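This report is for a reader who is new to the structure shown below. It covers the overall features of one chain, then some local features of both chains.

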Amino acid sequence: MELNFTSLFSRLLGIIFILLIPWSVFAQVKITGTVKDKSGVLPGVTVTEKGTKNGITTDNQGRYSLTLTKADAVIVIKMIGYSPKEIAVNGATTIDAILEEDNQTLSEVVTIGYQKITRKKSSAAISSISAKELSNLPAASFDQLLQGRLSGVNVQNFTGQPGAAPTVSVRGNSLMSRGYDEFNVVNSPLYVVDGVPQPTESYVSPNTGTGTNYLAGINPADIESIDVLKDASAGAIYGSRAANGVIMITTKKGISGEPRVGISAYYGSTARPELRDVTLGTVERRQKMALLENQLPLNDQRYLPIMLTDSLNPAYNGNTDWQDLFYQTGRISNVDLNLSGGGTGGMVYRFSAGAYNEEGIIKATGFKRYSARLNLTSKALKEKLTINPIVAFSRSDRGRGNGSAGNPIGLGAGDMPSSLFNLDDDKRALLLGAYDQNLDKNISNQLTLNLNLGYEFSPNFRFTSQSSLLSNNARRDYSRGNALQNNQGNYSYAFADNGIDVRTSNLLSYNNTFKKHSISALIGQDIQYNQYQTISASGSNGSADNIQVVNGFQQSRIGAGSDYQAYGLLSYYSQLAYDYDGKYVVSLSARADGSSRFGANNKWGYFPSASVGWLISEENFMKDHKNNPITLFKLRASLGNVGSLPSSNYLQYNLYNVNAAGFNGGDATSYNGTTAITPNFYNGVAQKNLSWQRAMQWNVGTDIELKGGKYAFSFDVYNKETSLELFSVNLPVTTGYDLAMTNSVGVRNAGAELTIAANPLPTSSPFKWFSRLNISYNKNQIMSLPNGGRDLVMSGERFDKSHILSVGSPINAFYLYKTRGVFRSDADVPVNPFTGEKYRNSNGTYLGGMFYFEDLDGDYFTDVFNDGINPDKLPYGDPNPKYTGGWVNNFSYKNWSLGIFATFTFDRDVLNLFESDRFSNSSAGNAADFSRYSVPDLAKLDLWRKQGDNAEYAKIDIGSYRYYYTSAQTFFLEKGGYLRIKSVNLGYDLGQRTLKRLGLTKVRIFGLVDNLAMFQQSKRLPDAEAVNGFGEYNGAGYPIPKKYTFGLDIQF
Amino acid sequence: MKNIYKNITVVVVIFAATCFSSCKKLLTEEPRNSTYLEVFWKSGRDARSAIAGNYALLRDAVTDKNNRYYMYGDAIAKQYFTIQYAGDGLEGIQSGDFTFQYNINSLANWTKYYKAIAMSNTVLLNVPKMTDAILKDVENPTTFRKEALGQAYFIRALSYFMMTRVWGDVPIVTEAYDDPISAPHLPRSPKAAVMKLVEDDCHKAAQLLSWNYTNTGDAKVTANKGSVYALLAHLYLWRATMTDPTSSTPNMTDVNSADTTINAVIANGGYKQTDTARYGTTFIGRSTDGIFEINMSDNTLEGSNRSIGTEFLNNAYVNGYPTNPRFYVPKSYLDNHFGLEGEWVWSGTEWQWIVSVDKGDVRYKNNFAYVDTERPMSIKYSNVVYRNPGQKLDAVLSNNMIIFRLSDLLLLKAEIALYKNDTQTATDIINGFRKRNGASAKAILPNGMSKGDVFYEYILERGKEMFLEGHLFYDLLRTRMYDQFIDWLTTDRFGRGGYYWPVDPALFRENPNLKQTPYWLGKV
């Protein structure tokens, strides 16, 4: 249906535009020809008459026919991925051409803000990839695919849950917060799709709304290219929002010519990774018994838990593998259809539709997306007006298992039950009921309407207007039956949100060349308005499980709420680029942003930048040199200022709390029936003087290309100082207020990026090998903190408080006790020479077999409760990856191709909460607690067992209250480096003869393995990538699955 | 070329024009999901909500951290009830050790009181600006303003009074800051200044408030002149005795002021002690005995599932509660307070010396259960309401928190009499209480007892009458009877101010002007 509709639509538009175009008559020479590459004919190649707009593209057979305006014309034959060719006509009527594949990256066009510029002349730090690299990779959203492919971009998938967002950072992280929010640790870049900044910021947590990654609404198959603006000179044009980098996405456009249809599809399965190592049944029983008999004093052994001693008891003789209950093998499928073509007068269209379906490896999780996109370009008013509407719609449906983003199987490392418990049918039903019987429907709809207009006043002067409307709505419907609600009645919850983002951008641009001077300039204005509304309702203690909406609940059991958020942004910007003789490049840009998020005193922020470039290879001394292998040598430098906005919309107001009557034991909203209203004494004080967060960044880089692109290097060094970052400070207690935001935090991210690309084999070789390696290094350091730069221990969700913000340390550094080892014996415990007391904590002295924490303050006492600064802890390690990158290797031989892609992350520290939790589940209890929970395979561990043992692991903590298995110690700090063979892709292209017989243009068959293999530094971490932004691995998250797919690409 | 410039000019003018008309609006977004200062204080309804907010913050402060009002006022006096171990170290405060980490972080932190005070200051700043024109939704703007201000003064005074009894010297703040970000870090002010502020605030409040309530629904749970006088009476007695802990001679000016104040309440307040037949209703709230209570009634959905009463109740009283509640009343308390003279009783085989308990006393009958077990229970606050009555789930206690009541003031008159060396009046008052509550004749005091003995009996009477109302520890301090009841509070420790609480070190982090409570210097 859609196919028919589109072709009809395009024909209709074609007719309209044909009518619009004034036909005039020339004295004409007609030339025809066929364009090929080594493997066959090339459709979609642009053939133009040089210096005019007269042009056409080749058809399916690679043929073209062009009517020239001048007899002595030169035709230019161009296609992305090939070196362009210029051929003088010289009276010929047939001109065939063979295009060479192009290895040069520098002739590519990159998008910098509102301009497109050739990479050669760019003086900014930009990394780009094209659609080809992303095609047919099984991932719900393109941000996951960026991992390792672009220098300076660090992508970490801390969850394998389909449709969830990875963390993406460009040139390091500068986000800091007081508390612990696993979903908000790293600040994400600004995403700009077809010139439209995307409203990716979320106002609600993933556990409230659908939690679907906004970017998963964009079908990766629709993406033409991705350019990442890393430095200030490129980013400054997005001024206030560019401090964390800008990722610009251009979607595919039509190619003129006869309608072309492409179908690409793949199918496959997702497989669960290896599960954590547990002991089951008798092995577990014997190990635990042996340990207890060894460790407990004789008297306590009289009361061994019946669970271990009574092996005949049917309740306790199980062999239950708890993890096994929740996993499955999922299927994955994707079908993309695209249709493109165009007619005379510059009218082109592209329509695409896609359906992606990924089942998760945990029951009832998955992600489905249906998407469609139409991109249309046509010209009017003597081809001076370009009209380019883009319409895109996507609907995604995310299955969420038990609904928890952080703990999808509901069994953490610390609370996984012992395998000895037998699982009866009721219990099993209850456990799995959260997956099978629950309703948890998460639907997101995204509609994008863009209208881009361009008018050429003259070849030099152009007016561009972009208007867009993004309308996003999502809803979540959730219900749990009586049994899952402790038999208190069923529970239903409904949540809907509605976001609208309206933007219009108008700019004037001017380009001209005077002899050796080229100038391009633009000036423009953006207006953006964003509104976000939510509504939610819930009901509990219901009386009928089959009611899955909020209906039929008692009035007092119904909760409801709605929210409204809005902001406006007004911007003026200007860009000026100048080059002399293609050798010296200067670029300046400036942007002024006014935001409704700031008070009257500081509404406006100004963000200037400048960059220079020197193309040494264009100088005569290099050009004149025969056999000079250096085809391009560019030096560039940039300096600029970019900003970021606070995430709250209403900081400038003295906000009040309504229903502010809660107290210990009561969720009251009123006092004596009168609604209580107070100022928001937590953080509601008006912030009229807040100003923009800023990042001052410099960048120095070079681009070198040898032997016409056979080898290419790109190297950048940068320093980004974020200052005036918003952070809350403590206010005097006597004001009644707790916290207020101030521009008080500074962070520095400094680093270097290297990209090396090579085609080592000669062009004549039938065997081809392309290889590209990129490595990024980023070091992150806190430069200033509020309240006099005092260290701030983050109020984590954990008792251990294992993170700190400290000047000089990286963001979210670990705050740990230093583990010196295990006390070999009781006699090993040091004694305070002044008091004669042994080294102790508040619950008693340490004994042999316990971990020995370094006594930093020398008081022979470790304070285990201290939630502020603890004199026995120090900041350690860095949860932010320092080295990241990827290595692409593409091989091809005749019709075969093989792609191997690996990503890596090195020099990152990970706190292994998973392991500490597995040991500490009994530390607050007794032998019975120890027997109730799953423990690691003790036989494999070098565990302390008796006095004098020189062991690696301390003895199991059974109710000692010394808390020596706390996760906040260096013993659990691990090296988080890894190298992952991310994807291996084997493809075969059908030969020309077969294709001709089938009547097709292209058929490619491929097979792909995603996440093939993992090599990691730590032996103890099950998956070194599934680590959250705080550098913690807790083993409760969603494992990253392996995916196997097999597919087909067909072009008609 | 000319044409081009003309076109460009047209386009630029059009877009400039659209912007200038709409941009100002674009850059101003006002919150719709919350009210805020700039639009608040615009009606009587706003002011009423703000006052409710002020009470709510006070309620939050006194219930916070295991109902701290009772922890300070009763728990540390030790003999009245026992807190069992539960892992959080709370029971440690009953042996006079206030330094355990969790207790330091919670009970030694005064932040919440300052929120209530900040709210009072906000009301005091904004209500006077509310003109008659703004208050068109109230009947009598002048009275309305007076009542609003009076209540704010009262809440501020009460908050400071509660704090000065716990910490002695505390920072004084009497302004609502325009810009809290640049507000100063305040040092602790001497307790004399704090008490002077409480007195002044009370005088202002008393002038603004009347004996009656405009709205009878506000009676007892909001402040009137009676509430203010009750607070003032307590302040005077505290100041008379605790200004100089080393002296046991009270300041008679303050004692006399207390006397006058109480007499005024008795004469003008219209309060009446609850009929002993309906004794229990006093502690549900809004009885004729009540002077000032903090509303925690579930009639307005403000009941609590963690109020002080819940700590004592077991599953026989509340579905789903433990069989062994954390708090219990030691037998020694019952024996000391309700025990009568022993007598020889013939058991059938032999004579036994039995200390009998005054089972007739309504305060014994009504307030305690399981009296014959190891762990008697206080059921003084046990008005259980199930919000899910069908399944008996979501239990809350609907008992107001009684801060001041008439019987409290009447009994204080005995203390005043003792300070005036009038043992006879004191004896009469105590006997009056006992008779009224149905005590056995054996419990009636003979005339002519020594002043010390009457003081002792007075404390016992306070212990019976004011059990678990947040007053007993202070009674023991004022009367210097602590040494006979609280083992950890030695005369030496008392002399060094060891009854005060330390200040949470977290508060020092930001505030260089703050100093630790002298007794706790180096101990925390």
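Accessible areas come from the Shrake-Rupley method with a 1.4 Å probe, and for residues only the protein chains shown count as cover. By this method chain B exposes about 20800 Å², of which carbon and sulfur atoms supply 53%.

This is a predicted model, in which local features need pLDDT of at least 70 and side-chain atom pairs count only at pLDDT 80 or more, while totals for chains, interfaces and linings use all residues. Residues are numbered from 1 along each chain as its sequence is written, chains are lettered from A and ligands numbered from 1 in the order in which they are written, and side-chain values use heavy atoms, with hydrogens and water left out.

**Chain B**

The C-alpha trace of chain B spans about 130 × 55 × 55 Å along its principal axes. Chain B has 17 helices and 10 strands; helices (H or I, at least four residues) and strands (E, at least two) are DSSP runs, numbered from the N terminus. Of its 524 residues, 59% count as buried. Buried means under 20% relative accessible area, exposed means over 50%, and partly exposed lies in between (1.4 Å probe, protein chains only). A contact means heavy atoms within 4.5 Å. Among the contacts in chain B with a separation of 6 or more, 68% are between residues 24 or more positions apart.

B:I83 is found in strand β1 (residues 82-83) of chain B and is buried, with a relative accessible area of 5%. Leaving aside neighbours within four places in sequence, the residues in contact with B:I83 include B:M71, B:L90 and B:F327. B:F327 is 244 residues away from B:I83 in sequence, yet their C-alpha atoms are 4.7 Å apart.

**Paired strands**

Two strands pair if DSSP finds at least two bridges between them.

| Strands | Sense | Bridges |
|---|---|---|
| β4 (339-346) and β5 (351-357) of chain B | antiparallel | 6 |
| β3 (46-49) and β6 (74-78) of chain A | antiparallel | 4 |
| β50 (909-912) and β54 of chain A | parallel | 2 |

In chain B, β4(B) and β5(B) form a hairpin with 4 residues between them, and B:G348 in the turn has a positive phi of about 115°. The bridge partner of B:V345 in β5(B) is B:Q352.

**Sheets in chain A**

One open sheet of chain A has 4 strands in the order β4-β3-β6-β7, with antiparallel pairing. At its edges stand β4 (55-57) and β7 (85-88) of chain A; each has a single partner strand, so one side of each is left without a neighbour in the sheet. Within this sheet, A:T48 stands opposite A:V76 in β6(A).

Another open sheet has 3 strands in the order β51-β50-β54 (chain A), and its pairing is mixed. Its edge strands are β51 (973-975) and β54 (1032-1033) of chain A, each pairing on one side only. A:N912 stands opposite A:Y1033 in β54(A).

**A residue of chain A**

Is A:Y580 buried, exposed or partly exposed? A:Y580 is partly exposed, with a relative accessible area of 31%. A:Y580 belongs to strand β27 (residues 558-580) of chain A.
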